[in-house]
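Good morning, colleagues. Please bring up the sequence and the coordinates, and I shall take you through the charged side-chain pairs.

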Amino acid sequence: MPTLDFITVDVFTTTRFEGNPLAVIPDARGLSSTEMQRIATEFNYSETTFVLPPADPSSNDANVRIFTPTTEVPFAGHPNVGTAFVLGQQPSLFGKAVSDTLRFEEKAGIVTVSLARDDSGSVTSATIRAPGPLKVGKVVSLEIIARCASIATAQISIVNHAPVIASVGLAFAFAELTSLEALGAARPNVSEFHIAAGVHGDEAESFPLFLYVRDKEDPWRIRARMFAPLDNVMEDPATGSASAALGALLVSRVEEQDVTIKATIEQGVEMGRRSAIELEVRKEKREIKDVFVSGSCVRVMKGSVEGTTVGLRRQDANVMSGIDILGAASAALALLESAIALAARLREAQQRRKGLADVIQRHDEVLSKTRSIITLVKDETALQTAAVADELSTLDTAIKGLVDVLSRIRTSGSGKRQNRLYQFAYQFVNGSRDEADLQAAMANLGRAKDDLSLSISVAHVGVSRGMQDTLVLNTRLLERVDAAVRAASGEDRGLLIGKLVQGRHVPESGTLFVTARDLASISHHHSDSSTRMPTANDAEQRSRHIVARNMTADQALQINGPIGNHGWHASSHVVQDNKATGSSAQINGAMSVEAFSALLGAR
């Protein structure tokens with residue numbers, strides 16, 4: 001049975017069982033994103049890190065992925081400090097000697113970490129440089145902060161700044177309170193956090209809230225608390241990324257144009273896990289240039305995770321995380337750009353072959369819309385669902401097929417373009433076949449694009465689970481994504497879930513409470529033929545359909561037929577030797593968009 005070593009450390013402290021605990025997997029090679037997320041959920045620390053070889057070993061030391069119990073994050077403070085502390089104890093890292101300066105590749109960018117050692121050479125602390133510039137977002141209302149923290153609006157100070165969203169790599173909501181008593185009285189209200197995320201989720205998706213009080217005698221000594229219940233972190237004992245953003249925010253507001261300020265943030269006191277986070281913020285010409293976060297660490301435990309691939313359900317191995325979908329979308333988009341460039345060059349080089357040029361011209365819109373839809377999936381995390389991931393994989397295969405056809409035609413037909421006799425002979429022998437192959441590849445791309453559009457249209461965008469299993473619909477997120485979907489498709493066809501908002505009063509918070517029955521009902525209310533996706537109904541595609549020897553297992557869903565009203569009319573069907581086991585389902589025929597939507601909602 002395979003095992004995976006781990007080490008836990010307490011970060012921003014020199015005392016064991018204080019500070020912020022962190023689990024580090026020093027060698028995570030071979031783990032999928034799904035496995036990483038499951039391990040992080042099992043530890044249930046605010047973060048767990050997974051160390052991988054760097055993409056650029058000549059410049060960087062490791063690729064570090066950071067997971068909360070519910071999701072992967074692009075950057076966080078205490079995971080970098082703790083991970084560097086652990087790796088600094090090793091003589092080497094992926095075949096490279098460990099120095100006192102480490103460079104980590106992370107989703108937010110390159111993070112540089114400096115290690116401090118005692119006389120014996122043991123690492124005692126680490127200092128990180130925030131990966132991003134200070135970004136200040138929207139102001140947050142006093143009422144939202146008060147409701148989320150279960151305090152009165154009068155306990156929120158606006159002397160230095162109003163509550164606001166800010167980030168140097170990971171966004172938080174920041175609010176200064178009037179006293180330590182107010183800070184100690186704060187309690188997270190999960191339902192209100194759902195509502196706040198509905199208002200500010202475009203900037204801070206789960207609305208993590210950082211509350212603080214400045215010392216009256218020394219304003220650069222700060223006490224703080226951080227709540228992120230929507231990330232399954234009711235309270236965090238130390239939050240380096242939030243501390244870095246707060247330090248940058250406060251220093252940006254001092255009068256001096258050029259200044260370096262050091263600050264200490266004390267956090268976790270109310271939890272019995274006191275942490276001390278040291279900051280150094282440098283400002284030049286009124287602009288924040290650098291933010292450094294430092295802290296001590298202490299080792300706590302080491303052990304192994306047994307059977308890292310055992311216990312994962314079979315279907316989980318094929319489900320992409322949001323980060324996986326982002327990578328898949330980026331790869332598909334790059335491949336599509338190659339196809340578009342090849343098509344343009346082919347059309348220019350083969351102007352005498354009117355048939356080929358006509359095929360490319362007719363499908364320009366398909367290429368353009370496919371590009372828009374993939375870009376939409378890449379940019380909108382709310383659309384990065386398992387169903388979208390499946391269709392994205394199919395689309396990627398279709399694009400590869402198109403690139404292969406375009407490359408073959410361009411190479412075969414133009415390799416001897418100066419020889420007119422060769423050109424004539426090639427066109428005479430292969431012209432019709434080339435046009436047919438290109439037509440088929442373009443049609444396949446169009447069908448894959450339509451299937452991806454369909455999986456997008458049925459996504460439950462903006463729906464999250466609140467207290468006592470209530471379902472909360474973020475209408476502002478829904479409206480924004482719906483508008484983006486319509487723009488990408490170039491048609492008046494958006495998200496089916498938008499039907500739930502029609503005719504209902506939406507409160508100022510932008511949040512509606514919905515039920516599972518509501519989600520199932522949208523398919524019955526939607527009969528607009530504009531949402532029915534075109535299917536393979538070209539004459540050459542309708543002659544015969546064979547669905548044979550397909551197997552589904554576990555909780556898989558397989559549909560061996562077109563979706564929409566254009567069914568398999570005027571064609572013969574052969575359906576044989578198909579099998580579904582466990583809780584899986586297999587549909588061997590055509591079905592309507594409404595039935596498809598209801599089926600997805602039920603599963």
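**Salt bridges in the predicted model**

Asp 396 counts as buried, its relative accessibility being 16%; here buried means under 20% relative accessible area, exposed over 50%, and partly exposed in between, for a 1.4 Å probe and protein chains only. The model is predicted, so local features need pLDDT of at least 70 and side-chain atom pairs count only at pLDDT 80 or more, while totals for chains, interfaces and linings use all residues. Residues are numbered from 1 along each chain as its sequence is written, and side-chain values use heavy atoms, with hydrogens and water left out.

What does Asp 396 form with Lys 400? The two form a salt bridge, with the closest N and O atoms 3.1 Å apart; the term denotes a side-chain nitrogen of Lys or Arg within 4 Å of a carboxyl oxygen of Asp or Glu. By this rule, the count comes to 19 salt bridges. Both residues lie in helix α10 (residues 386–414), 4 residues apart, which means about one helical turn between them. Helices (H or I, at least four residues) and strands (E, at least two) are DSSP runs numbered from the N terminus. Lys 400 is partly exposed, at 42%.

Salt bridges with shared partners join Arg 223, Arg 225, Glu 235 and Glu 270 into one network. Within it, Glu 270 meets Arg 223 at 2.8 Å, N to O. This pair links distant parts of the chain, 47 residues apart: Glu 270 sits in the loop between β18 and β19, Arg 223 in strand β16 (residues 221–228).
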